[in-house]
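Work through the exercises below with the structure at hand. Each task is followed by a solution in steps.

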Amino acid sequence: MPTDRIDARVALNPEQREAVEHFEGPALVLAGAGSGKTRVLTTRVCRLLDEHGVSPHRIMAVTFTNKAAGEMRERVAGLLGSDPRGIWLGTFHALGARMLRRHAPLAGRTRAFSILDAEQSLRQVKRAAIDAGVNPKRWSPKALRTHISDAKNQLIGSAAFESDHGFSADLVQRNASRVYPVYQESLRDQNATDFDDLLMLPVRLLENNADLLARYQEQFAFLLVDEYQDTNHAQFRLLELLAGKHGNLMVVGDDDQSIYGWRGADIRNILDFEKSFPGAHVVRLEQNYRSTPVILSVANAVIRQNRDRKPKKLRTDRLGGPPVTCLEAADEVDEAAWIPVEIERRMLDDPQLNYRDFAVLYRTNAQARAMEDGFRRRGVPYQIVGGVRFYERREVQDVLAYLRLISNPRDRDAFDRVVNYPSRGVGRVTLQRLSDFAATSSATLLEAAAEAERAPGIPPAGARGLVAFSDLIRKYSANAAHTPVGQLLAELVEELDLLIVLRGEGPEGEDRAENVRELIAGAAEFVADIEELEDRDAFTDLDIFLQQVALVADVDRHDADADAATLMTLHSAKGLEFPVVFISGMEEGLFPLARSYDEARLLEEERRLFYVGVTRAQEKLYLTHARRRRRAGDVSFGPLSSFVEILMDDLETKTTRQVPRRRGAVRWRGREDESQSSRSRRAGSRPGGWDGRQGDAGGDDSFNQDRPSYRKGEGVVHERFGSGTIVELAGFGSDLKVVVDFQRAGRKKLLVRYAGLQRDYSF
C-alpha cells in the first residue's frame with residue numbers, strides 16, 4: 001500500500017508525525033496520557049514496512065500487555081491490508097519466553113519448560129527454604145521471594161547474591177541469600193522458570209553467547225517499545241543488547257505514569273534515556289484526545305508537584321466539561337452506597353450512558369469489599385478486575401497442572417497438585433516415601449511413580465494409584481505430539497470423570513464444572529502461531545498454549561463489552577479509559593499510603609498513580625473520601641488526602657446526608673433505607689484513632705494487594721487438625737472466620753489470623 005494511503009487514513013498532529021517519520025537512530029517519545037501513542041507506534045511500524053521496505057522479521061515491537069499487542073497487530077494489519085507475518089510483537093515476558101524456548105538447552109532447560117506463576121513460585125520458595133534450613137514459619141516465603149525477584153530484576157545471580165548478602169545485617173536478606181541458590185537449582189531440576197527468569201535468562205544467553213548476540217542484533221534492525229517508563233534493569237539491558245548494532249531503538253512512554261517501582265520498574269530508564277543512548281531524538285506528545293480541559297487542569301496541577309520528571313503539560317482542543325466533584329462520606333459504607341446511586345442518577349440524566357461507561361478506582365484491593373456490598377444492595381451490575389482471575393481458580397489450576405505435567409514431566413509442583421486428584425489413595429506418607437525413593441534412584445517423581453511397586457514402605461493401594469497416574473500422564477504426553485490442545489484436554493477431563501467429581505462438591509460444584517468446560521472451549525479455539533515456532537518439530541501446540549495461559553495479565557481479563565461498571569485498583573486501570581471515573585478512598589494515609597512518607601521517591605510514585613487515575617476520565621471525574629474507615633476490624637480516621645487538598649479551590653464539593661452540613665456543600669439525598677443501613681453498621685464499629693501516618697502499620701493485611709484469600713471448597717492443612725475443606729467463610733480482614741471440615745477432627749470454626757492454615761495442594 002502506498003504511503004500516502006496510510007497517511008490519508010491516519011490523522012496525525014505535527015508532533016505525532018515527527019515521531020512517525022523518524023527513521024534511524026534512537027528516539028524518545030514522551031507521550032502524555034491520552035496523546036495517541038498507540039497511533040504513533042502502529043503508524044511507524046507501517047511506514048517502516050511500506051515506505052522504507054523493512055522486512056517484518058527485522059522489527060521487534062514490545063508492549064506491556066497481551067491486549068495491547070493484539071490491538072497493535074490488528075491496527076497494523078488494518079492499515080496495510082494484510083497481517084505482517086514475521087514481526088516479533090508481544091510483551092517482554094512473551095518475547096523472552098519465545099527466545100528462551102529457541103535456545104533452552106543453553107539455559108539448562110528443555111524447550112518444554114514450565115513457566116510458574118506467582119503462587120506456584122511461592123510454593124517453590126517455601127520448599128527451597130526448608131531445604132536450605134530456613135524456617136518458613138519464621139521467615140515469610142513471600143518476603144524471601146521478593147528479595148529473590150528484586151535480585152533477578154537487577155540481573156544478580158544466586159551466587160553473587162549469596163556472596164553479597166550472606167552476612168548481611170538484614171536478616172531477611174541474609175536468609176534469602178541462602179534460599180535463592182536452592183530455589184534456582186530446584187527450578188532447573190524441574191525444567192521450569194519463574195516470570196523473572198523470562199527476562200534474566202535471555203539476557204544471560206545474549207551476554208554469554210557472542211554468535212547468538214550477533215545474530216539477534218543483525219535481525220532486529222528496528223526496535224519499538226511501549227510503556228518504557230515501566231521497564232526494569234533486566235528489560236533495559238535486553239534492549240541495550242539487541243539495539244547494540246543498529247541503534248534504531250524508539251521508546252514511547254511517560255515518566256509521569258511510572259507506577260510500578262514496587263515491582264522493580266526503574267523510572268531512571270526513561271529519565272536518563274538520552275544519556276544511555278547519546279544523540280537520541282526527543283519528541284513530546286502533549287495534545288490530549290481523551291479528557292475535558294477541566295480534568296486536564298486537575299491532572300496538570302497534581303503532577304507538577306513532582307520534581308523528578310521531564311516537564312510537559314497536557315492540553316486539549318475540547319471546550320467545557322462538568323466540574324470535578326469531591327464527595328465527603330461518613331465512612332466506607334456510606335461512600336459505597338452513594339456511588340452506585342450517583343451512577344444511576346447520571347444515567348437518568350444522560351440516556352446515552354451505560355453501566356460500562358463507569359469505573360470505580362481504589363488504591364488497595366481491601367476497599368473492594370465495601371464497594372461490592374454497595375453495588376449489590378443497589379442492584380447495579382459490576383465487574384471486578386484484579387480479583388480472583390479465571391486461570392487462578394482452583395479447578396482451573398488443577399486441570400492446568402495436568403497439562404503442565406503432560407508437557408513437562410519434571411514439573412514437581414504440577415505433580416504434587418494432581419497426583420491424588422481425583423483421589424487415588426495416595427496420601428502424604430506415601431508421597432514422602434515416593435520422594436525418598438526418587439531421590440535414591442536419581443529419578444523424577446513421575447519416573448519413580450511408574451516403579452512405585454518397588455518402592456519401600458508404599459502400601460499396595462497407593463502403589464497401584466501411582467502406577468496408574470504415571471501411565472495416564474505418559475499416554476497423554478505421547479498424544480500431545482499430534483493431538484490438538486482442545487481435544488487432548490476434553491479427552492483427559494472425560495477420562496478423569498472430572499466434571500462428575502466437581503458437581504459432587506456441593507452448591508458451587510456446577511460453577512466449577514462450568515469453568516472447566518470454559519477452559520476446554522478456550523483450548524479448542526487455540527491455534528498456535530507458527531511464527532512462534534522456529535523448529536516446529538521441537539514444540540507441541542500444548543507447549544505454546546501453556547505459555548499463553550501463563551502470561552495472561554489482569555487487564556487482559558477486562559471485558560469492555562460487558563454492560564457493567566468496572567471496579568479495579570488504580571494499578572489495574574493503567575491503559576484504560578472511561579467516560580465517568582470515581583477515585584475512592586482519597587484519605588491521607590490511604591492514598592497516598594502512609595509508608596510513602598518515608599521516601600520522597602515513594603511519595604512521587606503515589607502522586608503519579610493519582611495522576612494515572614485522574615487521566616482515565618474522559619468526561620466526568622469524582623474524588624471521594626470518608627471521614628472514617630473500617631480496616632481489618634479497626635476504625636481509622638484520616639484527613640482529606642493532600643493530593644486533593646491542593647485542588648479544593650477548583651473542585652465542586654458534596655457530602656452525603658450522613659455528614660453534617662457545611663456551608664457551600666451539596667447534600668446527597670439517597671434512599672432512606674440505605675442511610676439507615678449505614679447508621680446501623682456504624683453503630684457496631686469500635687472507635688479508634690489514626691493520624692494518617694500509621695495507616696499501613698501494625699501488620700494490616702488489608703493493604704497488601706497480594707494478601708492470601710480463601711474460598712469455599714478449598715483444601716487446607718492445620719498443624720493440629722490435619723487436612724480439611726473450607727465449607728463456610730464469614731467476616732473480613734483480621735475478623736475473617738472459616739468453618740473447616742477436617743478429615744480426622746471433624747468440623748471446626750477458626751479465626752484465620754490465629755489458625756496458621758496452609759493451602760493443601762494435594763487436595
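**Exercise 1.** How are helix 6 and helix 7 oriented to each other: roughly parallel, roughly antiparallel, roughly perpendicular or oblique?

Solution. The model is predicted, so local features need pLDDT of at least 70 and side-chain atom pairs pLDDT 80 or more, while totals for chains, interfaces and linings use all residues. Residues are numbered from 1 along each chain as its sequence is written, and side-chain values use heavy atoms, with hydrogens and water left out.

Step 1. Locate helix 6 at residues 118-131 and helix 7 at residues 141-153; helices (H or I, at least four residues) and strands (E, at least two) are DSSP runs numbered from the N terminus.
Step 2. The two axes come within 9 Å and cross at roughly 100°. Axes are lines fitted to C-alpha atoms, for helices over the stretch in contact, and angles run from 0 to 180 degrees between N-to-C directions.
Step 3. Angles under 35 degrees count as roughly parallel, over 145 as roughly antiparallel, 65 to 115 as roughly perpendicular and the rest as oblique. Helix 6 and helix 7 are therefore roughly perpendicular.
Step 4. Ala, Val, Leu, Ile, Met, Phe, Trp, Tyr, Cys and Pro count as nonpolar, Asp, Glu, Lys and Arg as charged, and the others, Gly among them, as polar.

**Exercise 2.** Describe the packing of helix 3 and helix 4, including the hand of the crossing.

Solution. 
Step 1. The axes of helix 3 (residues 37-50) and helix 4 (residues 66-80) come within 9 Å, crossing at roughly 50°.
Step 2. The pair is therefore oblique.
Step 3. The crossing is right-handed. A crossing is left-handed if the near helix is turned anticlockwise from the far one by less than a right angle, and right-handed if clockwise.
Step 4. Among the residues in contact are Leu41, Val45 and Leu49 of helix 3 and Met72, Val76 and Leu79 of helix 4.
Step 5. By class, the contact of helix 3 with helix 4 comprises 8 nonpolar, 2 polar and 3 charged residues.

**Exercise 3.** Is Ala299 buried or exposed, and which residues does Ala299 contact beyond its neighbours within four places in sequence?

Solution. 
Step 1. Ala299 belongs to helix 15 (residues 293-303).
Step 2. With a relative accessible area of 0%, Ala299 is buried. Buried means under 20% relative accessible area, exposed over 50%, partly exposed in between (1.4 Å probe, protein chains only).
Step 3. Leaving aside neighbours within four places in sequence, Ala299 contacts Tyr611, Val614 and Thr615.
Step 4. The C-alpha atoms of Ala299 and Gly613 are 9.1 Å apart, although 314 residues separate the two along the chain.

**Exercise 4.** Examine the backbone at Glu227, Asp497 and Pro422.

Solution. 
Step 1. Most residues other than glycine have a negative phi, and most peptide bonds are trans.
Step 2. Glu227 has a positive phi of about 55° and sits in the loop between strand 6 (222-225) and helix 12. At 13% relative accessibility, Glu227 counts as buried.
Step 3. Asp497 has a positive phi near 55°, in the loop between helix 23 (485-496) and helix 24 (498-503). Asp497 is partly exposed, at 41% relative accessibility.
Step 4. The peptide bond from Tyr421 to Pro422 is cis, with omega near -10°. Pro422 lies in the loop between helix 19 (412-418) and helix 20 (428-441).

Definitions and conventions: Contact = heavy atoms within 4.5 Å.
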